[in-house]
Amino acid sequence: MYLAKINITLRTSILDPQGKAVQHAIASLGMDQVRDVRMGKYIEMKISSADRAEADRIASEACKKLLANPVMENFHYTLEKV
Amino acid sequence: MSSSAIEIPSNGSPKKFGVVVFPGSNCDHDAYYVLKNIFRQDVRFLWHKDSSLEGVDAVILPGGFSYGDYLRCGAIARFSPIMKEVVSFAGNGGMVMGICNGFQILCEAGLLPGSLLRNAALTFSCRYVHLRVENASTAFTSACAPGEVLKVPIAHGEGNYFADAETLDRLTRNNQIIFRYCDAGGSVTEEANPNGSIRNIAGIINERGNIMGMMPHPERASDPALRETDGAKIFLSAIGRLVGKTHLTQAII
């Protein structure tokens, strides 16, 4: 069994109004050194496979086909044996 | 109520429309109602788990929050069994119209380019907007005059259209941008843009001209009892195309 830890982020070319709003809120707390807040998604999933290459292929396919939208998002993930 | 009449194109028998119902759709009944009661067409609901379009002539993907907007708007709906049929129907030239969440689903399914991001102002926006008809020779706009300004409501939190520069250039070159947000006078301005959509895009069509997606809700501006009826022109265009009339003159009196 492998645990995939997946991060999905907006592509850098895309404005992130949510991140910007959070940045303003942080600045209002006095931390105006904080720059460029970008929001994303974090997904964990377990993959029932003993083979790392297979788990990697499944994680990658799930990201490409469903979890991330390549028009606006990038993804990266790590795999650990559990 | 003032006496209003809508002239509906017909070749003798009503056309069959299918309105897809996903868990979380909430404008399905509005679309069904106007097609049946205002435009006198044959309408049926198509459940997302069905795998038949029941021989319909056109498919509507309605507004709402399919699958709770989980993951991304429309991301999960595109994998419904019915969507397999919609993709093959569209591939054969069938008319498909996505409204609001339906537009998001069409983008997620790859039937239309680009995607819909969170509104730039982060707020859900529910109000009337003005749309300029940028291409009045499509199956969905032929009842409009070129450059005509339509008053139609929006109701969305994720309607901020985005596509890369290459895609935008292609859409522009092929006249696939059919509606843009404008002011009441028809000027496409930043102030008239309710959600930050790139180039004020409110609706697009595929290159072949049979798949259309738009964020505003024409079904909420079709019943004369609600006074605003500009949205009817979009349905009347589609009906006109289905019955073989590509151009209509004054459709609403």
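A residue counts as buried here if 20 or more other C-beta atoms lie within 10 Å of its own. Keep that in mind for this predicted model, starting with helix α1 (residues 28–38) of chain B, where B:D28, B:D30, B:A31, B:Y32, B:V34 and B:L35 are buried. Chain B as a whole has 5 helices and 11 strands, and buried residues make up 55% of its 253 residues.

**Overall build of chain B**

- The radius of gyration of chain B is 16 Å, which agrees with the value near 18 Å that a compact globule of 253 residues would have.
- Taken along the principal axes, the C-alpha atoms of chain B fill a box of roughly 45 × 45 × 35 Å.
- Look at contacts between residues at least 6 apart in the sequence of chain B, and you'll find that 76% of them join residues at least 24 apart.

**The sheet**

- Chain B has an open sheet of 9 strands with mixed pairing, and the strand order is β2-β1-β3-β4-β11-β10-β9-β6-β7.
- At the edges stand β2 (42–47) and β7 (149–156) of chain B; each has a single partner strand, so one side of each goes without a neighbour in the sheet.
- From one strand to the next, the twist averages 25 degrees.
- Strand β1 (residues 16–21) of chain B pairs with β3(B) in the parallel sense over 3 bridges, and β1(B) also pairs with β2(B), again in the parallel sense, over 6 bridges.
- For a couple of landmarks on those pairings, B:F17 has B:A58 in β3(B) as its bridge partner, while B:G18 has B:R44 in β2(B).

**Strand β3 and the step to β4**

- Strand β3 (residues 58–61) of chain B is covered on both faces: B:A58 and B:I60 are buried on one side, and B:V59 and B:L61 are buried on the other.
- β3(B) pairs in the parallel sense with strand β4 (residues 95–99) of chain B over 4 bridges, and here B:A58 has B:M95 in β4(B) as its bridge partner.
- To get from β3(B) to β4(B), the chain crosses through helix α2 (residues 81–91) of chain B, in a right-handed β-α-β crossover.
- α2(B) lies across β1, β2, β3, β4 and β11 (211–214) of chain B, and runs at about 125 degrees to β4(B).

**Helices α1 and α5**

- What do the buried residues of α1(B) pack against? They pack against β1, β2, β3 and α5 of chain B.
- Just after α1(B) comes B:R40, which takes a positive phi of about 55 degrees.
- Helix α5 (residues 232–243) of chain B holds B:S237, and B:S237 is buried because 27 other C-beta atoms lie within 10 Å.
- Not counting residues up to four places away in sequence, B:S237 touches B:A139, B:F140, B:T141, B:S142 and B:A143.
- B:S237 and B:A120 are 117 residues apart in sequence, and their C-alpha atoms are 31 Å apart in space.

**Where chain B meets chain A**

- How many residues of chain B are in contact with chain A? There are 10 of them, and they are in contact with 8 residues of chain A.
- Sorted by class, the side of chain B that touches chain A has 5 nonpolar, 2 polar and 3 charged residues.

Methods
Residues are numbered from 1 along each chain as its sequence is written. Chains are lettered from A and ligands numbered from 1 in the order in which they are written. This is a predicted model: local features need pLDDT of at least 70, side-chain atom pairs count only at pLDDT 80 or more; totals for chains, interfaces and linings use all residues. Two residues are in contact if their C-beta atoms, placed from the backbone, lie within 7 Å. Ala, Val, Leu, Ile, Met, Phe, Trp, Tyr, Cys and Pro count as nonpolar, Asp, Glu, Lys and Arg as charged, and the others, Gly among them, as polar. Helices (H or I, at least four residues) and strands (E, at least two) are DSSP runs, numbered from the N terminus. The radius of gyration is taken over C-alpha atoms; the globule rule is 2.2 Å times the number of residues to the power 0.38. A residue is buried if 20 or more other C-beta atoms lie within 10 Å of its own, exposed if 12 or fewer, and partly exposed in between; C-beta atoms are placed from the backbone. Two strands pair if DSSP finds at least two bridges between them. A crossover is right-handed if, with the strands pointing away from the viewer, the path from the first strand over the helix to the second runs clockwise. Axes are lines fitted to C-alpha atoms, for helices over the stretch in contact, and angles run from 0 to 180 degrees between N-to-C directions.
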